[in-house]
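Please read each point beside the sequence and the structure shown here.

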Amino acid sequence: DIGPMISLQAAQNAQKVVDEALQQGARLLCGHQRRGSCYAATVLENVDHGSRLWQDEVFAPVVVLQAFDDLDQAIALANQPEYSLHAGIFTNDLRTAMDAARRIEAGGVMINDSSDYRFDAMPFGGFKYGSLGREGVRFAYEEMTQPKVVCLNSLS
């Protein structure tokens, strides 16, 4: 289920970014319809790695499919953009999963689950340029407190 985006302008921007990717040779597999502030789930492949769609966060129901030859290439491709909130990897091999989690430059790596998985108690935030701190219980109370240092040197 997909509801409206935060504003008409946000939906129009998503449409524009996908339009640009299509003009640069991306292939549309489904979606890319907008009605007002509702933008349909959109799937593309063959997206140019220099395009805004590949390099920036779209903040829209848009996914890019990218073929790769091996895990090293997949991780290199995943690490290209300057923004990286979460990543997801699907594998039955725990050693591969942990190796990928260590090497992927993301705020979180979900193993055998969607990259949008989260619960309130876990820290949430980005990596590289997209990292402006973390959300979560610990980080919320730290934002609402003011630490103070008091030093006492006994005179006796």
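Leaving aside its neighbours within four places in sequence, with which residues is Gln55 in contact? The points below begin with that residue; the model under review is a predicted one.

1. Contacts of Gln55. Apart from neighbours within four places in sequence, Gln55 is in contact with His49, Gly50, Gln80, Pro81, Glu82 and Tyr83. One of these, Pro81, is 26 residues from Gln55 in sequence, yet the two C-alpha atoms are 4.8 Å apart in space. Another, His49, places its backbone oxygen 2.6 Å from a polar atom of the Gln55 side chain.

2. Setting of Gln55. The residue Gln55 belongs to helix H2, which covers residues 52-55. Its relative accessible area is 24%. Because buried means under 20% and exposed means over 50%, Gln55 is classed as partly exposed.

3. Setting of His32. The loop between strand E1 (27-30) and strand E2 (34-35) contains His32. The relative accessible area of His32 is 15%. This value falls under the 20% limit, and His32 is therefore described as buried.

4. Surroundings of His32. When residues up to four places away in sequence are not counted, His32 touches Gln15, Val18, Asp19, Leu22, Tyr39, Ala40, Ala41 and Thr42. With one of them, Tyr39, there is a polar contact between the two side chains, at 2.6 Å.

5. Packing of H3 and H4. Two packed helices are described by the angle between their axes and by the distance between those axes. Helix H3 (residues 71-78) packs with helix H4 (residues 94-103) at an angle of about 30°, and the axes are 10 Å apart. Since angles under 35 degrees count as roughly parallel, H3 is roughly parallel to H4. The crossing of the helices H3 and H4 is right-handed.

6. Residues between H3 and H4. Helix H3 contributes Leu71, Asp72 and Ile75 to the contact, while H4 contributes Thr96, Asp99, Ala100 and Arg103. Sorted by class, the contact of H3 with H4 has 3 nonpolar, 1 polar and 3 charged residues.

7. Where is Thr91 found? The residue Thr91 is in the loop between strand E6 (86-89) and H4. A polar atom of the Thr91 side chain lies 3.0 Å from the backbone nitrogen of Asp93. With neighbours within four places in sequence left aside, Thr91 is in contact with Thr96, Ala97 and Asn112. Of these, Thr96 is also one of the H4 residues that make the contact with H3.

Conventions. Residues numbered from 1 in each chain as written. Predicted model: local features only at pLDDT ≥ 70, side-chain atom pairs only at ≥ 80, totals over all residues. Heavy atoms only, no water. Helix = DSSP H or I, 4+ residues; strand = E, 2+ residues; numbered from the N terminus. Buried < 20%, exposed > 50% of the residue type's maximum accessible area, 1.4 Å probe, protein only. Polar contact = N/O pair within 3.5 Å; in protein donor to acceptor, adjacent residues only side chain to side chain. Contact = heavy atoms within 4.5 Å. Axes fitted to C-alpha atoms, helices over the stretch in contact; angles between N-to-C directions. Parallel < 35°, antiparallel > 145°, perpendicular 65-115°, else oblique. Left-handed = near helix turned anticlockwise from the far one by under 90°. Nonpolar A, V, L, I, M, F, W, Y, C, P; charged D, E, K, R; others polar.
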